[in-house]
Amino acid sequence: MKWTEDHDLTLCGDVLLQEPFKYPKNSKERGEIWGQIALNLNSLASPIFKVSKRSVGDRLTLLQTKHKEKIREEERTSGID
């Protein structure tokens, strides 16, 4: 599946609603939440998703990493420490 900005925004919105990070890492509850997020996304008509609970977690981690790098770069170019 090729991720677009619409896919990323939809994923982030669902993560905000489901709040998987309120449960401990590697807990059963957190895994169930990631599974529910994947089911929700796969049931959408637009944009079309074909994801697993592992892939949504991995994609969110990638988006977080890219955002942190972008912020770091902006701070470095603006001269703010």
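Contact here means heavy atoms within 4.5 Å. I note this before looking at what covers the helices. The model I am reading is predicted.

**Entry 1: helix H3**

I looked up helix H3, residues 53-78. H3 has 26 residues, and at 1.5 Å a residue these should span 38 Å. The end C-alpha atoms of H3 are 38 Å apart, which agrees. I then listed the buried residues of H3: Val56, Gly57, Arg59, Leu60 and Leu63. The cover over them includes H1 and H2. Just after H3 I found glycine 79, with a positive phi of about 85°.

**Entry 2: arginine 59**

Is arginine 59 buried or exposed? Its relative accessible area is 14%, and buried means under 20%, so arginine 59 counts as buried. Which residues does arginine 59 contact, leaving aside its neighbours within four places in sequence? I found Trp3, Asp8 and Leu11.

**Entry 3: tryptophan 3 and its partner**

The structure holds two aromatic pairs. In one of them, the ring centres of tryptophan 3 and phenylalanine 49 are 5.7 Å apart and the planes stand at 70°. Planes over 60 degrees apart count as edge-to-face, so I recorded this pair as edge-to-face. Tryptophan 3 sits in the segment before helix H1 (5-18), while phenylalanine 49 is in the loop between H2 and H3. The pair therefore ties together parts that are 46 residues apart in sequence. Tryptophan 3 and phenylalanine 49 are both buried.

**Entry 4: the other pair**

Phenylalanine 21 and tryptophan 34 also form an aromatic pair. I noted 5.9 Å centre to centre and 80° between the planes, again edge-to-face. Phenylalanine 21 is in the loop between H1 and H2, and tryptophan 34 is in helix H2. They are 13 residues apart, and the pair links distant parts of the chain. Tryptophan 34, at 11% relative accessibility, counts as buried.

**Entry 5: helix H2**

Tryptophan 34 sent me to H2 as a whole. H2 has 15 residues and reaches 21 Å from its first C-alpha to its last. That is close to the 21 Å expected at 1.5 Å a residue. I listed the buried residues of H2 as Arg30, Gly31, Ile33, Trp34, Gly35, Ile37, Ala38 and Leu41. What covers them includes H1 and H3.

**Entry 6: the largest pocket**

I looked up the largest pocket and wrote down a volume of about 340 Å³. Its lining has 14 residues, and the closest to its centre are Lys25, Asn26, Arg30, Trp34 and Gly57. Two of these names were already in my notes: Trp34 is buried in H2, and Gly57 is buried in H3. Which helix gives the most to the lining? H3 does, with seven residues. H2 and H3 each supply at least two residues of the lining. By kind, the lining divides into three nonpolar, six polar and five charged residues.

**Entry 7: threonine 4**

Last, I checked threonine 4, which has its place in the segment before H1. Threonine 4 is partly exposed, with a relative accessible area of 35%. Threonine 4 and proline 47 are 43 residues apart in sequence. In space, their C-alpha atoms are 9.0 Å apart.

Definitions and conventions:
Residues are numbered from 1 along each chain as its sequence is written. This is a predicted model: local features need pLDDT of at least 70, side-chain atom pairs count only at pLDDT 80 or more; totals for chains, interfaces and linings use all residues. Side-chain values use heavy atoms; hydrogens and water are left out. Rings of Phe, Tyr and Trp (its six-membered ring) pair if their centres lie within 6.5 Å; planes under 30 degrees apart count as stacked, over 60 as edge-to-face and the rest as tilted. Helices (H or I, at least four residues) and strands (E, at least two) are DSSP runs, numbered from the N terminus. Buried means under 20% relative accessible area, exposed over 50%, partly exposed in between (1.4 Å probe, protein chains only). The expected span of a helix is 1.5 Å times one less than its number of residues. On a 1 Å grid over the protein atoms alone, a cavity is a set of points where a 1.4 Å probe fits but cannot get out, and a pocket is an open set with protein on both sides within 12 Å along at least five of seven lines; lining residues have an atom within 4 Å of a point. Grid points are joined across faces, edges and corners, and a volume is the space filled by probe spheres set on the points. Ala, Val, Leu, Ile, Met, Phe, Trp, Tyr, Cys and Pro count as nonpolar, Asp, Glu, Lys and Arg as charged, and the others, Gly among them, as polar.
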